[in-house]
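Trainee: I am new to this structure and would like to walk through it with you. Could we begin with the overall picture and then go inside?

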Amino acid sequence: MLHEIEYLPEGLLQVQAEHLSEWLQGPTLIHLPGQRPAPLFVSVLMHGNETVGWEAVRRLLARYEGGRALPRAISLFIGNVKAAAFRVRRLPGQPDFNRVWPGGEEDQLSPEAGMMARVVEIMREREPFASIDVHNNTGLNPHYACVNRLDTPFLHLALLFGRTVVYFLRPRGVQSMAFAELCPAVTLECGKVGQAHGVEHAEQYLEASLHLAEHPQHPVTHQDIDLFHTVARVTVSPQADIGFAPAAGDIVFEPDLDRLNFQELLPGTPLGRINGSGLSLLDVRDEQGRDVLQNYLALRDGRLFLQRTVMPSMLTKDIEVIRQDCLCYLMERYGSHL
């Protein structure tokens, strides 16, 4: 399934994400030379409806057309072009491309998982300088970077994007976690699809990363960073009828739920209503996969409340995304651990 080439196809940078499947045979790994040989690995379109990465790469590489040398070699992985053609996260029957990298808990025998393992082995031989996976999200979130290790080079690579950094260990099988075995690796969350600032921010970050000669080694202190730790993931039962007030459903969330992202919320903060089925419609798991629902959520007279102080991220009003991925992640501030 993986197509590997050593050149940029002529005209490719003029192609929007939804038309890439007409130009590429499928997921494609493109290697481009640069003045520094250790490549910057960049992955885009792990989710077909998250186009910010491809838009940023188009703009970045357009600067170097006409024979201008890249400051550093790039290995560009363009992921789910079939889903991008339909502007969806993934097609029916496809796994999530950002859950089947080595170390994941989903089907590691699928063709997609085999492809991701092959990408990792190819890049292991090329000894990448750094890895950047570029995403959009669907709710109201600030721009932020994610890391899976708290090592100094990882944190500095994240801080190049901004002060807000999220450390997480679940879900497993994500690109950044697989590449953390090879080099400093980050995931960029660049706001909603279609926002020009997200594309500009990602492009500026990629350009800056190309010009890095080495990773800073001085320690990061709590004054340098707003660091959060993902402590739980909230999912909704596939059988639940989901709605947002004033709509009806088995579970009806507050109409402005995504405005709670990256706010430290107190116990008793209302999230919505559950009609008849109780908390069994929700599943909350910590980093070890343990059921921690009772630690974080409570139900009183049909009203759903937070049980303890947390900060949510990726709360979304996109019901399809809730079904395919999750409702949100719950975080705690992590500054004292630095």
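Trainee: What radius of gyration does the protein have, next to that of a compact globule?

Mentor: This is a predicted model, where local features need pLDDT of at least 70, side-chain atom pairs count only at pLDDT 80 or more, and totals for chains, interfaces and linings use all residues. Residues are numbered from 1 along each chain as its sequence is written, and side-chain values use heavy atoms, with hydrogens and water left out. The radius of gyration is taken over C-alpha atoms, and the globule rule is 2.2 Å times the number of residues to the power 0.38. For 338 residues that rule gives a radius near 20 Å, and the protein agrees with it, at 20 Å.

Trainee: Thanks! How much of the protein is buried?

Mentor: Buried means under 20% relative accessible area, exposed over 50%, and partly exposed in between (1.4 Å probe, protein chains only). Among the 338 residues, the buried share is 58%.

Trainee: Which residues touch the most other members of the largest nonpolar core?

Mentor: A nonpolar core is a set of buried Ala, Val, Leu, Ile, Met, Phe, Trp, Tyr and Cys residues joined through side-chain atoms within 4.5 Å. The largest one here has 70 residues, and its largest share, seven residues, comes from helix α3 (residues 111-126). The two that touch the most other members are Trp 54 and Ile 78.

Trainee: Where is helix α4, and how many of its residues are buried?

Mentor: Helices (H or I, at least four residues) and strands (E, at least two) are DSSP runs, numbered from the N terminus. Helix α4 covers residues 152-159, and its buried residues include Phe 154 and Leu 157. These buried residues pack against elements including β5 (130-135) and α6 (196-210), with contact meaning heavy atoms within 4.5 Å. The buried count in α4 is six of eight residues.

Trainee: How many disulfides does a search of the whole structure find?

Mentor: A disulfide is a pair of cysteine sulfur atoms within 2.5 Å. For Cys 190, the nearest cysteine sulfur is that of Cys 146, 10 Å away. For Cys 328, the nearest is that of Cys 326, at 6.6 Å. The number of disulfides found is zero.

Trainee: Is Cys 190 buried or exposed?

Mentor: Cys 190 has a relative accessible area of 0%. Because that value is under 20%, Cys 190 is buried.
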